[in-house]
Amino acid sequence: MHVLVDLADPRLTREIVELLERAGHSIERATATADKQFDVALVGTAELAAKLRKAKPAAAIVAVTKLGDVPARIRALDAGADDAFDASFAPSQMVARVGAVGRRAALTPPPIERVEISGCTIDLSAATATRDGTPTPLTAREVELVRWLSARPGQIASRGELLQHVWRVSPASETRAVDVAIAALRQKLERDPASPAIIVSVRGAGYRWG
């Protein structure tokens with residue numbers, strides 16, 4: 001596999017690169033950005049994991065944190081990393097976990113980038129919704145909402161589920177953010193926002209796509 005390594009600690013970077021190269025992987029030491037192509041990215045912070053996850057929703061991401069820093073590993077996982085470990089790793093285990101994450105990602109179908117529903121064409125990569133030939137820009141949050149809902153047609157998504165997976169906050173948060181965002185999104189997608197056919201409210205349960 002081609003592994004991108006973006007860690008702050010030079011010694012740790014050197015050790016990991018040597019281990020992965022001995023295991024037969026090709027390595028690129030570079031900043032983890034959206035324009036890089038890789039099979040697995042190793043990053044050193046939750047912030048990098050979140051940034052990369054937003055840019056590449058299907059990316060395989062592993063966080064490597066400081067020795068014994070459990071909160072940092074938890075933050076990285078919450079931010080979108082697929083796995084996280086610290087500098088106390090056993091070499092063979094680290095190589096195996098990187099390989100496992102890469103294999104899982106390879107089996108995951110690429111995210112849907114174009115959705116057509118009820119006369120509206122949604123281009124997620126371009127962040128636009130087009131109806132009657134007129135494109136309307138979508139915010140990054142609206143793109144994530146569409147991506148999450150459209151991937152589960154006919155299923156009810158609760159407000160807590162959307163808070164957890166789209167807003168990445170506690171599903172128990174007391175906020176009307178979901179309802180406000182859905183109302184704004186309907187204005188851009190629906191032919192008649194007062195009678196939605198794309199994002200349907202399910203009383204007391206949440207929202208359903210289509």
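Over the ring of which residue does the charged end of R152 sit? In this predicted model, the charged end of R152 lies over the ring of W148, at 3.3 Å from its centre, where a charge is taken to sit over a ring if NZ of Lys or CZ of Arg is within 6 Å of the ring centre and within 35 degrees of the ring normal. A search of the whole structure for aromatic pairs, by contrast, returns 0; such a pair requires the centres of Phe, Tyr or Trp rings (for Trp, the six-membered ring) to lie within 6.5 Å, with planes under 30 degrees apart counted as stacked, over 60 as edge-to-face and the rest as tilted.

Residues are numbered from 1 along each chain as its sequence is written. Because the model is predicted, local features need pLDDT of at least 70 and side-chain atom pairs count only at pLDDT 80 or more, while totals for chains, interfaces and linings use all residues; side-chain values use heavy atoms, with hydrogens and water left out.

An open sheet is formed by 4 strands in the order β6-β7-β8-β9, with antiparallel pairing; helices (H or I, at least four residues) and strands (E, at least two) are DSSP runs numbered from the N terminus, and two strands pair if DSSP finds at least two bridges between them. At the edges stand β6 (114-117) and β9 (134-137), each of which pairs on one side only, and the twist from one strand to the next averages 20°. Strand β8 (residues 128-131) is joined to the antiparallel β9 by 4 bridges, and A129 stands opposite T136 of β9. Helix α7 (residues 177-189) packs on the sheet, where it touches β7 (120-123), β8 and β9, and its direction makes about 45° with that of β8; contact means heavy atoms within 4.5 Å, and axes are lines fitted to C-alpha atoms, for helices over the stretch in contact, with angles from 0 to 180 degrees between N-to-C directions.

E142, found in helix α5 (residues 140-150), counts as buried because its relative accessibility is 7%, the class being under 20% relative accessible area, with exposed over 50% and partly exposed in between (1.4 Å probe, protein chains only). Residues up to four places away in sequence aside, E142 touches P137, A184, L185 and K188. The side chains of E142 and K188 are joined by a polar contact of 2.8 Å, that is, a pair of N or O atoms within 3.5 Å of which, within protein, one must be able to donate a hydrogen and the other to accept it, residues adjacent in sequence counting only if both atoms are side-chain atoms.

R191, in the loop between α7 and β11 (199-202), counts as exposed because its relative accessibility is 55%. Apart from neighbours within four places in sequence, R191 is in contact with S118, G119, R131 and D132.
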